[in-house]
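Here is a chain to read feature by feature.

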Amino acid sequence: MNASKPPLIQPPLPAWRDDIAAALDWWRNAGVDSEFSDDATVWLQADTPTTSGAEQKDIEPARPQSIENFGSTGSNNTPRTKSRIDFFADGAPETLAAFHDFWMSAQGLDAIGPRGRIAPRGAFEAELMVLVLEPEAEDRETLLSGTQGRLLDSFLNAAAISPEKVYLASALPRHTPMADTQALARQGLSAVLSRHIELAQPKRLIGFGTGLVPLLGLEAQSRDNHLRNINHIPAIENALLSEGLDTLLNMPRLKARFWRRWIEWSALH
C-alpha cells in the first residue's frame, strides 16, 4: 500500500496592504511627506471615510499654501493674489545710507516685519557687488556669516579681490526658504532691488542664485546665460549670474564651472 503524500503547503500570499502601509510609515517617520517643485503636492493624506455609490466623489488632495500666500485666504479658503506694492510711496531713498535705513525699517518687505532683518554691507561704488537671494539661515547680525560666506571669502581670496572692494547684499531682507521670487517681483520687490543697485553703483555685479532672475527683471530663459547685461539698471552694465552659494557648496563640479565662467567674464570686463 502506497503511503499517502503529505499535502502541499501553499506559501502565504504577500500582504500587499501591510507592505504598502510599512513603506508609507517609513517615509512618514523620516519626515518626508511632500514633494516640492513649482507647486507642493502632499504625498501622505489622512485616512478619509469611504463612501459608496452616488455619494462617492473624487477628493482633490489639499495643497499647502506658498509662503507669500500664507494667511492670505478668502472666505472660500483659497489664497488671494497679492497686488503690487508701491514700496516708495513716501519717496524713494536718495542715498545708499538712506536705502539701508529703508531696508531695515520699511513695512511690507517681508511677512514678519523689520525685526531680525540682515543689512547689506560694504562700500559705495565698490569694484564688485556680490548679490545673493537671501541671507544665510545662520545669519543674525552680519550678512553671509556662515558656511556660504566662507566659500565666498575663499573665492575672493583666490581672485585677489580685497574684501574692502566688495559690497555684499541680498535681494530679500531675511532667510526665506522656498520664496516665490516671480510673485515677489510682481509685488514690487524687483523695483526695490533695482533701486538698491542704482544707489550702490558698483563697477561689476555677481548674482548667486537662479531665483534672482525675475527680481533682476530678466527673462526666465536667461537663467543659464552666465554673461548678461542688465541694461535697465543704469548703475551697472555687466553682471555674472551663477547658481546659489549653497548649491556650489554641495556640488564641487559647479564650483569648478563657476571659476571658469569667472575667468572668462573677467577677461571681457
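The dialogue below goes from the whole chain to single residues.

Q: What kind of model is this, and how are its residues numbered?
A: This is a predicted model, in which local features need pLDDT of at least 70 and side-chain atom pairs count only at pLDDT 80 or more, while totals for chains, interfaces and linings use all residues. Residues are numbered from 1 along each chain as its sequence is written, and side-chain values use heavy atoms, with hydrogens and water left out.

Q: How many helices and strands does the protein chain have?
A: Helices (H or I, at least four residues) and strands (E, at least two) are DSSP runs, numbered from the N terminus. The protein chain has seven helices and eight strands.

Q: What share of the protein chain is buried?
A: A residue is buried under 20% relative accessible area, exposed over 50%, and partly exposed in between (1.4 Å probe, protein chains only). Of the 269 residues in the protein chain, 38% are buried.

Q: Where does H4 bend?
A: The bend at a residue is the angle between axes fitted to the seven residues ending there and the seven starting there. In H4 there is a bend of about 75 degrees at Gly188. H4 is also mostly covered, with 16 of its 20 residues buried. After H4 comes Gln201, with a positive phi near 50 degrees.

Q: Which residues touch the most other members of the largest nonpolar core?
A: In soluble globular proteins, nonpolar side chains tend to be buried together. A nonpolar core is a set of buried Ala, Val, Leu, Ile, Met, Phe, Trp, Tyr and Cys residues joined through side-chain atoms within 4.5 Å. The largest one here has 33 residues, and Phe102, Leu109, Leu189, Val192, Leu215 and Leu216 touch the most other members. Elements that give two or more residues to this core include helix H2 (96-105), strand S4 (128-132) and H4. H4 supplies the largest share, eight residues. There is also a second, separate core of 23 residues, which includes Leu152 and Phe258.

Q: Is Asp110 buried or exposed?
A: Asp110 has a relative accessible area of 16%, so it is buried. Asp110 sits in the loop between H2 and strand S3 (121-122). Contact means heavy atoms within 4.5 Å. Apart from its neighbours within four places in sequence, Asp110 is in contact with Arg117, Pro173 and Arg174. Arg174 is 64 residues from Asp110 in sequence, with 7.9 Å between their C-alpha atoms.

Q: What does a positive phi look like in this chain?
A: Most residues other than glycine have a negative phi. Glu125, which is not a glycine, has a positive phi of about 55 degrees. Glu125 is in the loop between S3 and S4 and is partly exposed, with a relative accessible area of 38%. Leu144 also has a positive phi, near 55 degrees. Leu144 lies in the loop between S4 and helix H3 (147-158), and counts as buried at 6% relative accessibility.

Q: Which residues is Ala159 in contact with, leaving aside its neighbours within four places in sequence?
A: They are Trp259 and Trp262. Ala159 is found in the loop between H3 and S5.
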